Amino acid sequence: MALDALKAALPDYAKDLKLNLGSVIGNSGLPEQQLWGTVLACAIASRSARVLTELEPEAREHLSEQAYTASKSAAAIMAMNNVYYRTLHLLSDKEYSTMRAGLRMNVIGNPGVEKIDFELWSFAVSAINGCGMCLDSHEQVLRKAGVERETVQEAAKIAAVVAAVAATLDAEGALASE
């Protein structure tokens, strides 16, 4: 199992991450598609080849082909949107926010899965990429659709743990190659 491999690879000083990886993914209350779509999108957003190669096969087993592709699409579109909208948010000159983006984002309107699932995955990726505007936007869509705060929080926890595991394993890999 991918989770066991990742937990075994974590150093002793990251014991909390081992425990959290097991609890936020292994014991999640999210429906299977929401859970594994979030995991896959976050693994991609983590930019860690090791985390992605460990988690992707299990995600593929739990997701339909449409959900698998949509999860990857969420990671891809949010990689662009998070940079663009974070930039607008950080600029002092707010006139940039009034300008037409002119960037294609068709997948958001037609992701090939339930809109709620895609929004949740986009929210989680935005947490990893640190875009406050996108976090607010996706959280508002989720809440207006009746998604409970606990579900949104669950996605944030998955994003946090996957990102932390990726950072730790990549750092250990870099230190081991010295």
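**View 1. Surroundings of Ile 158 in the predicted model.** Residues up to four places away in sequence are not counted here. Beyond these, Ile 158 touches Val 24, Leu 30, Leu 35, Thr 38, Val 39 and Cys 42. Ile 158 is also among the residues with the most contacts inside the largest nonpolar core.

**View 2. The largest nonpolar core, comprising 51 residues.** Along with Ile 158, the residues with the most contacts inside this core are Ile 25, Val 51, Leu 55, Phe 118, Trp 121 and Val 165. At least two core residues are supplied by each of α1 (2–9), α2 (15–24), α3, α4 (49–62), α5 (65–90), α7, α8 (132–144) and α9 (149–176). The most is given by α9, with nine residues.

**View 3. Packing of α2 against α9.** The two helices pack at an angle of about 140°, and their axes lie 10 Å apart. The angle therefore makes α2 oblique to α9. Their crossing is left-handed. From α2, Leu 17, Asn 20, Leu 21 and Val 24 meet Glu 154, Lys 157, Ile 158, Val 161, Ala 164, Val 165 and Thr 168 of α9. By class, this contact has seven nonpolar, two polar and two charged residues.

**View 4. Packing of α3 against α7.** Helix α3 (residues 32–45) and helix α7 (residues 115–129) pack at an angle of about 30°, the axes being 9 Å apart. The crossing of α3 and α7 is right-handed. Residues of α3 in this contact include Gly 37, Thr 38, Ala 41 and Cys 42, while those of α7 include Leu 120, Trp 121, Ala 124 and Ile 128. The contact of α3 with α7 has nine nonpolar, five polar and one charged residues by class.

Methods: Residues numbered from 1 in each chain as written. Predicted model: local features only at pLDDT ≥ 70, side-chain atom pairs only at ≥ 80, totals over all residues. Heavy atoms only, no water. Axes fitted to C-alpha atoms, helices over the stretch in contact; angles between N-to-C directions. Helix = DSSP H or I, 4+ residues; strand = E, 2+ residues; numbered from the N terminus. Left-handed = near helix turned anticlockwise from the far one by under 90°. Contact = heavy atoms within 4.5 Å. Nonpolar A, V, L, I, M, F, W, Y, C, P; charged D, E, K, R; others polar. Core = buried A, V, L, I, M, F, W, Y, C linked by side-chain atoms within 4.5 Å. Buried < 20%, exposed > 50% of the residue type's maximum accessible area, 1.4 Å probe, protein only. Parallel < 35°, antiparallel > 145°, perpendicular 65-115°, else oblique.
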